[in-house]
Amino acid sequence: MDMNSEIRGFAEKYEQLRGEIAQEMIGQADVVEHLLLAVIAGGNVLLEGVPGLGKTHLVRVLSKVMDLPFSRIQFTPDLMPADITGTNILVRTESGNEFRFQEGPLFSSIVLADEINRATPKTQAALLEAMQEHSVTVAGETRKLPEPYFVLATQNPVEQEGTYPLPEAQLDRFMFKILVPFPSLEELGGIMNLTVGESGKEARRVMGAEELLAMRETARRVPIAASVQEFALKLVLATHPEQADAPETARKYLRFGASPRAAQAILSTARVRALNQGRYNVAFEDIRYVAPACLRHRLALNFAAVTEGKDMESIISELMNFSD
Amino acid sequence: MVRGAAFGLAAGMACALVMLVLSRLVMIPDAKSWAGAALAAAGILCALGNMLRKVSDRDAAVQADRCGLMERAATALDVSPDEATDEIGRAMREMQIRDACEALENLDPKKIRPGSVRRPLAAAGIGCVLCAVMLLIPNAMDRKAEDFKALQVKLNRMTAEAEQAAKQDEAGLTEAEKQALRKLTEDLKRDLVRSRDEADAMVAIDRAEKRLEQMQSSTAGDAQKAMEAAQALSEALSRAGLDSLAQAVSAGDEQALAQALAGMDAETAEALGKVAEELSGEAKEAAEAMASAGEGGDAQQEASEAMNTLRQGQAGGTMSASAMQQALQSMKAAMSGTGSGSDGSQSGGKSPGSSGKSGTSGQGGSGAGSGDGAGQQMPGGSGTEGEKSAKPRSDPKYRESTYETIYDPEKADAGFRDVMTEQKRLGEDSIQIQAGEGKGTVDGSVPYGQVVGEYARTETQSADSENLTGQQREWVREYFRLLTEQN
């Protein structure tokens, strides 16, 4: 396939993915859109929503359409790092006993870390290397994880008792934090029809690992104008209240701002969005679309924001207007 | 162009606002017109400048992108296929450029919106509101500017009248007198042009009047000297027994003098020489000229020379500049008519030779002026009122500074000395006034018309602040109203 065809086929492929996921996921179009953007861009995603919204099901469907191995880890307070990374076990062989490494659930292309905030920090930290380096080190030996590799974590905004909030260092490794809203009346009806009524359709495979990696490489080549890139970088800088020219909103309501990973996340996911919109360049609109998901988990509200009832979305919106 | 107009409007409003603010601090005649002109000029210049400014490719691309091109044009300008590191990158850039070109080809230029005009329009709006506020708030300087303008018109008219009068007077003057009169007129004209208010103008007119008086006094003195010289010579000739010569000199008869000199003998010539030795000045010169005739000179010539010497001072006589005199008096009358109603502090502070004190000294001035006996000018207003009413201003001989003066220590020439005045005893009446350490000389007088307006204002203001009945205040106001009306 020549390059031009490959590039032109990106949008088609993307639409196919969305279409197939929609076979088993009713509504949540925005959530699916953001999830695909992050996955194609090669990032990890944190899904936050109340129980029963289909977060786990979404990840399963994703693995199905992308034909990627999927593993699910239900995080509990007693979960140990070795439980997820794997460990050496003693096996009896013909030549005697030997230690063999038993891979943990991390050794899968798509890892669903369910209720990640219920695990202890020690176990959460075990994910850090996997999420960033796509490798696991056990007993001094580093083992590469399969490519493509994603960690899709879920988090319950309620039932915070007995949970361990994710540290900023781990939060920063998630490309997106996607808020999963409660479905509307129509969507609920559709969900009922799909799940409780007659058996619904099933999603089919659209692509494999190689195609996904190819799409990622293609998306990385999307050119971006200097002014558009500057807008994204100014936006990240504007989140830092200690900066000399920081906007009033940042100074007043933020404790700290986003790291350079936020800028990387914005630009890489904006490139993917540009391609799936049928464009060969990144636009300001792409930056505005992906920025909230990239920033909401990387900024920290201060006491003034909490007492005044300011929410993160409005703050990010004001920062985008300032940077424009 | 729209953007240029928006910026022009904002710039124009800023200039107009600056002009209006300045007009509140500094007197600017026709400030509103200047503000309007600044608005128009800045607006047109900015709009033209923006129109003529070359639009860069980047700016054009940004404007085009705003029509739904989604940063296609701007990105196409930034990227180059040659900068790609691999095939996919090169292919991507080429496709992007092609995509941008197609989008631009399909773009309707009429849909291209101007750049953001929100900010300049907002700035222009704010400027407009501020200008409107500045226009609505009364400006004290406007009144001053109008007064100044009216004053300028009046002064220009006066200047023209003075020039006209000078031309009229030149007919009967000697060359030297003409030069002096022209110099006076030029100086008056210059001073009037520089005048900032009525007080300045009055000072200039008064100065010109005094100079004219000095010039007239000087020429009168010359004429007097010449007459005295002729008389002295005639008397000296009579004493020397040279009666025929004395008569000829006394009569000013040049022919008779020539005849008398023609028949002069040596003895007469010697007597003439002795007469010449007794005299000085023009008389001596004339006598010497006459004596020369007896020594072989031409009698006619010497007689003519002698008479010319005696006539030199008399020729011009007292310099007559009645037209200029009358013009100056008219100017003073015109200025006084408006000066009494003008700002008291200005007129009070600008009296000739004054130290620039404010009008609060009016009370002291008029109070200290009562009582007289030293043969000075009648100070105070009461004594001169009768004269005032008997001397209408239309009378060309009426000279305000002579007939109406008032002693005002605050406004007199600088000078410090103790003043004691003592009136003659008339029976039981005697007044001894000790002026103390005065602020001016005793004869420091100022024209009444210059200060009456200021006094009237001071007194009526004092009456308002004093614990008086309404009727009493009305009396005070009426009194000064009549006083100033007569001026």
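Among contacts in chain B between residues at least 6 apart in sequence, what percentage join residues at least 24 apart? The figure is 72%. The model shown here is predicted.

**Figure 1. Overview of the two chains, A and B.** Chain A has 324 residues, and 43% of them count as buried. Its secondary structure comes to 14 helices and 11 strands. For contacts in chain A with a separation of 6 or more, 77% are between residues 24 or more positions apart. Chain B has 487 residues, of which 36% count as buried. Its secondary structure comes to 21 helices and 4 strands.

**Figure 2. The open sheet of chain A contains 5 strands.** The strand order is E2-E5-E8-E1-E9, and the pairing is parallel. E2 (70-74) and E9 form the edges, each pairing on one side only. From one strand to the next, the twist averages 20°. Strand E5 (residues 110-114) of chain A runs parallel to E8(A), joined by 4 bridges. Ala113(A) has Ala153(A) in E8(A) as its bridge partner.

**Figure 3. Strand E1 of chain A pairs with E9(A) and with E8(A).** E1(A) covers residues 44-48. With strand E9 (residues 174-179) of chain A, E1(A) pairs in the parallel sense over 5 bridges. Two residue pairs mark this side of the view. Val45(A) stands opposite Phe176(A), and Leu46(A) has Lys177(A) as its bridge partner. Strand E8 (residues 150-155) of chain A is joined to E1(A) by 4 bridges, again with the strands running parallel. Here Leu47(A) stands opposite Thr154(A). In a regular strand the side chains alternate between the two faces of the sheet. How many of the 5 residues of E1(A) are buried? The count is 4, so E1(A) is largely enclosed by the rest of the structure. E9(A) is also largely enclosed by the rest of the structure, because 5 of its 6 residues are buried.

**Figure 4. Val45(A) sits in the largest nonpolar core.** This core has 107 residues. Those with the most contacts inside it are Val45(A), Leu62(A), Ile266(A) and Cys294(A). Which residues does Val45(A) contact, leaving aside its neighbours within four places in sequence? They are Leu35(A), Ala38(A), Leu152(A), Phe174(A), Met175(A), Phe176(A) and Ile178(A). A second, separate core has 31 residues, among them Leu245(B), Ala246(B), Ala291(B) and Leu310(B). In soluble globular proteins, nonpolar side chains tend to be buried together.

**Figure 5. Chain A meets chain B.** In this view, 20 residues of chain A are in contact with 16 residues of chain B. On the chain A side, the elements giving two or more residues are helix H1 (3-24), helix H8 (209-220), helix H9 (226-238) and helix H12 (284-295). By class, that side has 12 nonpolar, 4 polar and 4 charged residues.

**Figure 6. Helix H1 of chain B is mostly covered.** Of its 24 residues, 17 are buried. H1(B) covers residues 2-25. Why do its end C-alpha atoms lie 35 Å apart? At 1.5 Å a residue, the 24 residues should span 34 Å, so the 35 Å separation agrees. An α-helix has 3.6 residues a turn, so residues three or four places apart point the same way.

**Figure 7. Ser250(B) lies in helix H10 of chain B.** The helix covers residues 243-251. Is Ser250(B) buried or partly exposed? Ser250(B) counts as partly exposed, because it has 15 C-beta neighbours inside 10 Å; a buried residue has 20 or more. Gln231(B) is 19 residues away along the chain, yet the two C-alpha atoms are separated by 6.5 Å.

**Figure 8. Backbone details include a cis peptide bond and positive phi values at His134(A) and Glu71(B).** The cis bond joins Glu147(A) and Pro148(A), with omega about -10°. Pro148(A) lies in the loop between strand E7 (141-144) and E8 of chain A. His134(A) is not a glycine, but its phi is positive, about 55°. It is found in the loop between helix H5 (121-133) and strand E6 (135-138) of chain A. With 17 C-beta neighbours inside 10 Å, His134(A) counts as partly exposed. Glu71(B) has a phi near 65°. This residue lies in the loop between helix H3 (57-69) and helix H4 (72-78) of chain B. Glu71(B) is buried, because 28 other C-beta atoms lie within 10 Å.

Key:
Residues numbered from 1 in each chain as written. Chains lettered and ligands numbered in written order. Predicted model: local features only at pLDDT ≥ 70, side-chain atom pairs only at ≥ 80, totals over all residues. Expected span 1.5 Å × (residues − 1). Buried ≥ 20, exposed ≤ 12 C-beta atoms within 10 Å, placed from the backbone. Core = buried A, V, L, I, M, F, W, Y, C linked by C-beta atoms within 7 Å. Contact = placed C-beta atoms within 7 Å. Pairing = 2+ DSSP bridges. Nonpolar A, V, L, I, M, F, W, Y, C, P; charged D, E, K, R; others polar. Axes fitted to C-alpha atoms, helices over the stretch in contact; angles between N-to-C directions.
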